[in-house]
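Keep the picture open while you read.

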Amino acid sequence: MCSIAINIPDEVLFDTKMTMEEAGTFVRHAAAIAYYTQSGVSIGYCSQIAGMPEEDFIKFLGKNQISIFHYDNKAEFLKELENA
């Protein structure tokens, strides 16, 4: 697995009242959301990036108003709904 380090100015931590661990979690979560929404990376890989189980990552996406369901049109959605 790849590891990436970023520099966050101490002033940002002071202003946000975050600890280094909280900032690390924030960055991991932000990266996971970006990979999921912008690059189409799977929920499984994004949950690993976020450092949480897949189920928790799906709930995390929901709390951030990000749907795991992607339909191109209303008819496709209604067809899937009938099959549920």
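## Starting from S47

Let's begin with one serine. You'll find S47 in helix α3. Helices here are DSSP runs of H or I with at least four residues, strands are runs of E with at least two, and both are numbered from the N terminus.

Who are the neighbours of S47? Setting aside residues up to four places away in sequence, S47 touches M52, P53, E54 and F57. A contact means heavy atoms within 4.5 Å.

## What kind of model this is

This is a predicted model, where local features need pLDDT of at least 70 and side-chain atom pairs count only at pLDDT 80 or more, while totals for chains, interfaces and linings use all residues. Residues are numbered from 1 along each chain as its sequence is written, and side-chain values use heavy atoms, with hydrogens and water left out.

The pLDDT is the predictor's confidence in each residue, from 0 to 100. The protein chain averages 93, and 100% of the residues score at least 70. Where is confidence lowest, and where is it highest? The lowest mean, 80, belongs to helix α5 (residues 74–83), and the highest, 98, to helix α3 (residues 43–50).

## The overall layout

Along the principal axes, the C-alpha atoms fill a box of roughly 50 × 30 × 20 Å.

Buried residues make up 19% of the 84 residues. Take the contacts in the protein chain with a separation of 6 or more: 29% of them come from residues 24 or more positions apart.

## Surface and charge

The protein chain exposes about 6,900 Å², and carbon and sulfur atoms supply 57% of that area. Accessible areas come from the Shrake-Rupley method with a 1.4 Å probe, and for residues only the protein chains shown count as cover.

## M52, H29 and E54

M52 sits in the loop between α3 and α4. It counts as buried because its relative accessible area is 17%. Leaving out residues up to four places away in sequence, M52 touches H29, S47, F57 and F60.

H29 belongs to helix α2 and is buried too, at 17% relative accessibility. Beyond the residues up to four places away in sequence, H29 touches A50, M52 and F60. M52 and H29 are 23 residues apart along the chain, and their C-alpha atoms are separated by 9.5 Å.

E54, another contact of S47, is part of helix α4. With a relative accessible area of 46%, E54 is partly exposed. Again not counting residues up to four places away in sequence, E54 touches I43, G44 and S47. The C-alpha atoms of E54 and G44 are 5.9 Å apart, with the two residues 10 apart along the chain.

Now for K17, which lies in the loop between α1 (10–16) and α2 (20–39). Buried or exposed? K17 is exposed, with a relative accessible area of 72%. Its phi is positive, about 55 degrees, although K17 is not a glycine.

Q65 is in the loop between α4 (54–63) and α5. Phi of Q65 is near 55 degrees, a positive value in a residue other than glycine. Q65 is exposed, with a relative accessible area of 71%.

Technical notes: Buried < 20%, exposed > 50% of the residue type's maximum accessible area, 1.4 Å probe, protein only.
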